[in-house]
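Colleague: Could we go through the cavities and the charged pairs of this model together?
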Amino acid sequence: MNAQKEILQDSHVLIQDGRIASVGLAQASQADQVIDCQGKIIIPGLVSAHSHLTGLLQRGLWDENSFESWSEKSTATEKSFHASPEDIYNLHCGACVEFIRHGATTVLNMFTVPSHVPLELIDASCRALRDSGIRGILALSVKDQSPDNPAIGLDSIHAESWSARAKDAAACVSGFGPRVTFMLAPSAPQRCSDNLLIRCKELAEELGVGVHTHLAETKSHARVARSLYGQPIVKHLEKIGFLGPHLSVAHSIWLDEEEIDILSRYRVNVVHNPSSNMKLGSGAAGVKKMLDRGITVGLGADSVNAGTVYSIFEQMKLSVLLPRAVWQSEDWISPDDAFGMGCLGGARAMLLGDEIGSIEEGKKADLVVLKLSTSLLPANNLTAQLALCEGGESIETVFVDGEPILLNGRFTKIDEDAVLEALSSFTPRIAAIVNAS
């Protein structure tokens, strides 16, 4: 994923102080420790630029025939569960374990916390990110209206009082070290008043963080937004001054050509989530059009109760295959495109492109080592095979900041068996809620 998109053979990666000191030829005598990767593959750590870790709670539930029905049931179930801080910790640890096993080193967690709940839930999520060793972004989600689904009840929110709580949340997150960072995440433009959207942007500028939101997830959302604003949603966001390179938008399916041009002009970043788009019947995003206009596109695993698994390999594969099932070849993307979106595209969408996403000198040593399993053999076209054939079964070792968090298939920082036991304990509680509803 360097500027030349090279595949380097028989090369070394020298790590020093958590960063890549050199790439190419090196002498073993230069290192205090040598990890033999002969006959193996080293790739940049993958990035999930849009995820909901709490969704693990409802894996396998609500195979509904509309987004609105799914959203109503999913929201009601999460509220009825009354997750404690320790519940959130265990759920988010479980999600991180799954991500790491699939080669992700950076994950954005779009996290909705009830307005009346203190910081314990945010603290619990950050503990899970820190304890797993993954690079995590806690994106605090908020909304103050619901025109696209009136059945969902809302907490009363005042933009200024919420801003004070958001600052407290940012301060809480900052206490977990440099691997865990903060973003603001208005749920979706149509779910937030213009006042709240602008306050989010202003607060993000004040805190020096990015903004993340859902955009045009479904056809009905685009229709509701047009009815609400009297014009396409992206044009309205341009009008109120919300757009800019600080912003990343998930989904972005139901956009017209002019809206895509506007996103390009303001250097807005897009996060493609093909598995959840397919599972919820939301549609297919025009990713090729976005790439052709120079838009940065990353990938997201979204939530496993809206998609499939916490895997960016899965998103790579589906991002290649989905457009081929619905459009002509001029709107297809290549496996090379998909692999780039899973690495450097996601890093740039998270405003981390100068730090991660490629194996280059000076960048953080977020790396994944894969053995040559059957999915990668014969090694005819490694990039294509990684994007289309790999599911995570080849992953041996995962580094974040040059530190192995998965080493030869075993977690070094977190007790995987304890995480699995905790997740298993949720089954009867969830069953009782589902049966009662």
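Modeller: A residue counts as buried under 20% relative accessible area, as exposed over 50%, and as partly exposed in between. Glu64, at 23%, is therefore partly exposed. Please keep in mind that this is a predicted model.

Colleague: Which residue forms a salt bridge with Glu64?
Modeller: Lys73 does, with the closest N and O atoms 3.4 Å apart. Lys73 is partly exposed, with a relative accessibility of 34%.

Colleague: Which residues line the largest cavity?
Modeller: Glu64 is one of them, together with Trp62, Asp63, Ser66, Phe67, Trp70, Lys279 and Leu280. That lining has 4 nonpolar, 1 polar and 3 charged residues, and the cavity holds about 40 Å³ of space.

Colleague: Where do Arg101 and Glu416 lie?
Modeller: Arg101 is in helix H2 (residues 85-101) and Glu416 in helix H14 (residues 416-424), so their pairing ties together parts 315 residues apart in sequence.

Colleague: And what is the separation for Arg293 and Asp261?
Modeller: Their closest N and O atoms are 2.5 Å apart. Asp261 lies in helix H8 (residues 257-265) and Arg293 in the loop between helix H10 (287-292) and strand E11 (297-299), so this pair ties together parts 32 residues apart in sequence.

Notes
Residues are numbered from 1 along each chain as its sequence is written. This is a predicted model: local features need pLDDT of at least 70, side-chain atom pairs count only at pLDDT 80 or more; totals for chains, interfaces and linings use all residues. Side-chain values use heavy atoms; hydrogens and water are left out. On a 1 Å grid over the protein atoms alone, a cavity is a set of points where a 1.4 Å probe fits but cannot get out, and a pocket is an open set with protein on both sides within 12 Å along at least five of seven lines; lining residues have an atom within 4 Å of a point. Grid points are joined across faces, edges and corners, and a volume is the space filled by probe spheres set on the points. Ala, Val, Leu, Ile, Met, Phe, Trp, Tyr, Cys and Pro count as nonpolar, Asp, Glu, Lys and Arg as charged, and the others, Gly among them, as polar. A salt bridge is a side-chain nitrogen of Lys or Arg within 4 Å of a carboxyl oxygen of Asp or Glu. Buried means under 20% relative accessible area, exposed over 50%, partly exposed in between (1.4 Å probe, protein chains only). Helices (H or I, at least four residues) and strands (E, at least two) are DSSP runs, numbered from the N terminus.
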